[in-house]
Amino acid sequence: MKKILVALLMLVWALIPAAARGDTDSCITCHSALEGKLAEPAKVFDQDIHHQSGLTCADCHGGDLHDDSLNAMSPAKGFRGAPKKTQVPEFCARCHSNVTFMHNFNPKARADQYSQYLTSVHGKRLKQGDTKVAACVDCHGVHNMLPASDTRSPTNVANVATTCAHCHANAVYMKGYGIPTDQFARYQKSVHAETLAQGDTSAPTCTTCHGNHGATPPGVSSVPNVCGTCHVFFAQLFEKSPHRAAFAKLNLPGCVQCHSNHEIVKPVDDWVGVGPKSVCANCHTSGEKGYTEAEGMAQDLAKLREGIERADTTLDTAERSGMEVSSARLELASANEDLVKARVNVHTFNEAEVRKLTDQGAGISTKTHEAGLAALHERDVRRKGLGVALITIVITIGGLYLKIRQMESPPRS
Ligand code: HEC
Ligand code: HEC
Ligand code: HEC
Ligand code: HEC
Ligand code: HEC
Ligand code: HEC
Ligand code: HEC
Ligand code: HEC
Ligand code: HEC
């Protein structure tokens, strides 16, 4: 009981920021007066999340912050010094894996970073003594650690790719591992990086696919399966398609086999079919079912695309001549939706499933094209009517003018 009371008191004490307790922190006082690497921690500690949460140097390093001599750092006072790189994860885990301790500060704090980290390539290799991999402080910094929500943090979604690139884009540093060093350069060209740069944080950065700490993000069995967490429909169709089993048998990944993993660009319809840009023709040759299905899909998509373009041009001309075609426009939008859905249905790899939608859309686009033509016809009729009316008016005015002149001229004697 007494032990629990003491522990509780210590906790309350720890929760009150040192400054509020009126203490002077000998670690900070002495280290601020030192130079270089020894002074750096004291100088930047102000904004550190640990300082902000009321923790001190001694909470991490041990020692006695009330002793202003070098004795403050005596092992007898619990001083544990600075951890070597291989010791860093355990050093952090002392608190971050302690659910009870962490929940005193933040009831929602997770306490799985260390256990997750151990499953990652970084964690496994560090355990084997490889100090080139990322340990906690390589991604988070040290002494000026900021929460990920802070845009200055190296773990902020906008900065993560650069943080990873420090090592992964450095060919000299990564020499000897035999893995590519182009992930960052390729990712920068992707539609994902572009979307993220526009401030849309629903697009993935490196850690969204690779996990912040673990080998994969929670709930994902392997990195190539991560796409389905966001592109749900595509994944559902792929799962039911003939490629799922075929790819699994050949040990090929799913989505990334056709889309790549890092340089994921906006696909175009030319990827379907059998032309030079076709992805299908990489594997299927003439005579195979895959080949004919691909060819059919390309024709279906082209037919609808051209139908929409034709209707669009006609409606444009009608609009520019002042005709009212807004309801046809609205209808054409639904043909466009069919085209979008047909592109999703490409992932059934079944031509009939694509044609179902392209036929529907083509019907609509023909109808709207006809509506546009009817509007143009009406315009012509109106123009003709207007012409006739104009001529009649001119003749009438002319007649009136002649009549008035006749009436105004003095009578001949
Ligand atoms: C009177 C000045 C003084 C005080 C007080 C002091 N230090 Fe130091 N500290 C030093 C000097 C000088 C060094 C470098 C020499 C050394 O390693 O012993 C150092 C080194 C360190 C190191 C690096 C040790 C390593 O393993 O490389 C850490 C960590 C550290 N201090 C933390 C603390 C903490 C935490 C406190 C407060 C509990 C503290 N210091 C209090 C002067 C001080
Ligand atoms: C959140 C835990 C944490 C806190 C709080 C903390 N440190 Fe450290 N400190 C570390 C870690 C981890 C390292 C090892 C860093 C590395 O490997 O780069 C370290 C390293 C050091 C070193 C060695 C620097 C070097 O480059 O050799 C000194 C000195 C030091 N800390 C002093 C302090 C002082 C002074 C404070 C308070 C102002 C403080 N630390 C607060 C975790 C902490
Ligand atoms: C490869 C880089 C990397 C390494 C190594 C790493 N982290 Fe993280 N960590 C991140 C990123 C990125 C986030 C931010 C996630 C977000 O956007 O919320 C994060 C988030 C956190 C958080 C906030 C809570 C949470 O889980 O989201 C804590 C605490 C944390 N890390 C502690 C650690 C500890 C302790 C270690 C070492 C065992 C470590 N990290 C190793 C990248 C890393
Ligand atoms: C003495 C205990 C302790 C140690 C040791 C410690 N931390 Fe923390 N850390 C905390 C507490 C308490 C918080 C504040 C929790 C909160 O507000 O969510 C925190 C917050 C953080 C955050 C911000 C979490 C967020 O919600 O964004 C990160 C990142 C972090 N620590 C990383 C580390 C790393 C990396 C190490 C090792 C170098 C480390 N910590 C060592 C106690 C500790
Ligand atoms: C301090 C340098 C460093 C940082 C920072 C770093 N890594 Fe690594 N990473 C390495 C090294 C070294 C390896 C080991 C390479 C190997 O074994 O193939 C590695 C391995 C990996 C692997 C496994 C590669 C494989 O072999 O399949 C992935 C995935 C990875 N890192 C992703 C990331 C991500 C994502 C980030 C940023 C959040 C990051 N790394 C940050 C150094 C780093
Ligand atoms: C859209 C998801 C996604 C994003 C974003 C992403 N990766 Fe990957 N990454 C993958 C997939 C999938 C693999 C292949 C993994 C496998 O086969 O297990 C991979 C492989 C890797 C590898 C192993 C070596 C290689 O190139 O095959 C490293 C290292 C890596 N990625 C680092 C990064 C870094 C650094 C970033 C950010 C700049 C990043 N990744 C962004 C999905 C992604
Ligand atoms: C965190 C969610 C997320 C993950 C994970 C993700 N994406 Fe994306 N993806 C997006 C967002 C957001 C966009 C941009 C908006 C859009 O066009 O859908 C996008 C765009 C795309 C596009 C371009 C779509 C277009 O019409 O321009 C393709 C292709 C794509 N992703 C494929 C993949 C593949 C393959 C993977 C897995 C390796 C993957 N994505 C993982 C969210 C994600
Ligand atoms: C066999 C090759 C192949 C596989 C496997 C594949 N795709 Fe596609 N994907 C394509 C082709 C081809 C297109 C282009 C369709 C078009 O624009 O007509 C495409 C287009 C896309 C688009 C953009 C659709 C649009 O509106 O333009 C997204 C997003 C996408 N795929 C995601 C995925 C995801 C997620 C997976 C895995 C579940 C996946 N793909 C698997 C070939 C593939
Ligand atoms: C990475 C190689 C690869 C790519 C790329 C690829 N396929 Fe396949 N596909 C296969 C394999 C392997 C099978 C199973 C063996 C077979 O039937 O040819 C298959 C099967 C099929 C089948 C079923 C054939 C049957 O007999 O039932 C169709 C349909 C198909 N693919 C269409 C496509 C279309 C359309 C594309 C392009 C969008 C495409 N494939 C891209 C490898 C690929």
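A residue is taken to be near a molecule when one of its heavy atoms lies within 4 Å of it. The structure described here is a predicted model. Under that criterion, 20 residues surround ligand 1, and the closest are Cys27, Cys30, His31, Met73 and Ala82.

The helices α3 (26-32) and α6 (57-61) each supply at least two residues of the shell around ligand 1. The largest share comes from α3, with four residues. By residue class, the shell around ligand 1 holds ten nonpolar, seven polar and three charged residues. The side chain of His31 places an N or O atom 2.8 Å from a nitrogen atom of ligand 1. Ala82 takes part through its backbone, where a polar atom lies 3.2 Å from an oxygen atom of ligand 1.

For comparison, three charged residues belong to the shell around ligand 1.

Side chains make the polar approaches to ligand 6 described next. Gln183 brings a polar side-chain atom to 2.9 Å from an oxygen atom of the ligand. A nitrogen atom of ligand 6 lies 2.8 Å from a polar side-chain atom of His210. For His262, an N or O atom of the side chain is 2.8 Å from a nitrogen atom of ligand 6.

Beyond its neighbours within four places in sequence, Cys206 is in contact with Val160, Ala161 and Cys164. The C-alpha atom of Cys206 is also 9.8 Å from that of Thr163, although 43 residues separate the two along the chain.

Attention now turns to the aromatic residues. A pair of aromatic rings is described by the distance of the centres and the angle of the planes. Two aromatic pairs are counted in the model when ring centres must lie within 6.5 Å. In the case of Phe101 and Phe105, the ring centres are 5.1 Å apart and the planes stand at 50 degrees, so the pair is tilted. Because Phe101 and Phe105 are four residues apart in helix α8 (residues 99-105), about one helical turn separates them. Phe101 counts as partly exposed, at 24% relative accessibility, and Phe105 likewise counts as partly exposed, at 26%. Another aromatic residue, Tyr173, has Lys132 over its face, at 4.9 Å from the ring centre.

Finally, His347 is found in the loop between α20 (326-345) and α21 (351-408). Is this residue buried or exposed? With a relative accessible area of 17%, His347 is buried, because the limit for burial is under 20%. A polar atom of the His347 side chain lies 2.9 Å from the backbone oxygen of Val344. Setting aside residues up to four places away in sequence, His347 touches Phe234, Leu237, Phe238, Ser241 and His259.

Key
Residues are numbered from 1 along each chain as its sequence is written. Chains are lettered from A and ligands numbered from 1 in the order in which they are written. This is a predicted model: local features need pLDDT of at least 70, side-chain atom pairs count only at pLDDT 80 or more; totals for chains, interfaces and linings use all residues. Side-chain values use heavy atoms; hydrogens and water are left out. A polar contact is a pair of N or O atoms within 3.5 Å; within protein, one must be able to donate a hydrogen and the other to accept it, and residues adjacent in sequence count only if both atoms are side-chain atoms. Rings of Phe, Tyr and Trp (its six-membered ring) pair if their centres lie within 6.5 Å; planes under 30 degrees apart count as stacked, over 60 as edge-to-face and the rest as tilted. Buried means under 20% relative accessible area, exposed over 50%, partly exposed in between (1.4 Å probe, protein chains only). A charge sits over a ring if NZ of Lys or CZ of Arg is within 6 Å of the ring centre and within 35 degrees of the ring normal. Contact means heavy atoms within 4.5 Å. Ala, Val, Leu, Ile, Met, Phe, Trp, Tyr, Cys and Pro count as nonpolar, Asp, Glu, Lys and Arg as charged, and the others, Gly among them, as polar.
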